[in-house]
Amino acid sequence: MRDPYEVLGVQRDASAAAIKSAYRKLAKKHHPDNNKNDPKSAARFSEVNSANEILGDEVKRKQFDRGEIDAEGKPRFQGFPGGGRGRGRGASSGGFEQYNFRSGAGGPGGPGGGFAGGGGFEDILNSMFGGAAGAARGPRGGQAFDFDTGGLAADLDLTVSMTVSLEDSVKGVEKRVRLPSGKELSVKVPAGVTSGQQIRLKGQGESAPGHRPGDLLITVSIASHPFFKVDGNDLRVELPITLYEAVLGGKVRVPTLTGAIELSVPKNTSSGRIFRLKGKGIPKQGGAAGDLFVTTRIVLPDGHDAELEALMEKWRDYHPYHPRSELG
């Protein structure tokens, strides 16, 4: 993924408010519902959401700035303290050290020697693992050493993260996930997935000789939505209305997860009034969907409007009222 600062079009020293504003504009611009004839809009929308997952979170943003995580939120490899070449060992590419051991019972200078005390590699492992390492020994002087873990389990499971949009979490989606090795897999995200839920793909983890391949664990997170707020299975949205819609009433369009619908706003509707749309929230598994709660917010026109001001002055003089009387 591209640099999240580049995706949102903000400077690296941008404030949290500037990042939030840039995200909202881009999410609205690239939302699939607003670009039904553009097949690439979903990918751009997902990229914007992923960038906001990093920069919209103060902790993740600092980790990214320090180089601790990449643009997908995955930890970067930092190496091991004290790495490098040393006597008796060689450094392989990638910063990992290679140690060459030889089996045998001879001491220094003897057949299979190389460790002080003449015990050989098996004796060292025996002292470490209680004798389990000495299994499958061959004749002295020419045995083939076979390391038996003796019950030590290898953790070969691999965990990666995936971010999906709110709409995709409700209806399900097929997405590609990139593993640290660079390999990509196509993953079916089931409908109704919740944030923090894990998807397990058997045998797609890491592998090691003598062990069954581990599993791939995909932790799903749901991207924040440009206007919906999730409250359990309910959704909340602020609905901007004009001054004349608030006074005179009328029908206004309200977004839902399944498309916009019309809401009848009654006359004399104040800001902050809440309307409940039953069944327009998030579907419950094995049950009815949650509700959508719509809160009205009166928005005045931009700029100076002399005619509106004159009307309000006349109204103030002839029809005064006191909405703050209860506040003392």
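**Note on side-chain contacts**

1. Phe64 is buried, at a relative accessible area of 8%. Buried here means under 20% relative accessible area, exposed means over 50%, and partly exposed lies in between (1.4 Å probe, protein chains only). Tyr5 is buried too, with a relative accessible area of 3%.

2. On the basis of the values: this is a predicted model, in which local features need pLDDT of at least 70 and side-chain atom pairs count only at pLDDT 80 or more, while totals for chains, interfaces and linings use all residues. Residues are numbered from 1 along each chain as its sequence is written, and side-chain values use heavy atoms, with hydrogens and water left out.

3. Tyr5 and Phe64 form a tilted pair, because their ring centres are 6.2 Å apart and their planes stand at 40°. Tyr5 belongs to helix α1 (residues 4–8) and Phe64 to helix α4 (residues 58–65), so this pair ties together parts 59 residues apart in sequence. Helices are DSSP runs of H or I with at least four residues, strands are runs of E with at least two, and both are numbered from the N terminus.

4. Which ring has the charged end of Arg236 over it? That of Phe293, with the charged end 4.6 Å from the ring centre. The rule asks for NZ of Lys or CZ of Arg within 6 Å of the ring centre and within 35 degrees of the ring normal.

5. The model has 16 salt bridges (a side-chain nitrogen of Lys or Arg within 4 Å of a carboxyl oxygen of Asp or Glu). One of them joins Glu47 and Arg2, at 3.1 Å from N to O. Glu47 sits in helix α3 (residues 41–55) and Arg2 in the segment before α1, so the contact ties together parts 45 residues apart in sequence. Arg2 is partly exposed, at 39% relative accessibility.

6. Another salt bridge links Lys62 to Glu58, at 3.4 Å from N to O. The two residues are 4 apart in helix α4, so about one helical turn separates Lys62 from Glu58. Lys62 is partly exposed at 44% relative accessible area. Glu58 is exposed at 58%.

7. Asp317 and Arg316 also meet in a salt bridge, at 3.6 Å from N to O. Are these two residues buried or exposed? Both Asp317 and Arg316 are exposed. Elsewhere, shared partners join the salt bridges of Arg2, Glu6 and Glu47 into one network.

Definitions and conventions
Rings of Phe, Tyr and Trp (its six-membered ring) pair if their centres lie within 6.5 Å; planes under 30 degrees apart count as stacked, over 60 as edge-to-face and the rest as tilted.
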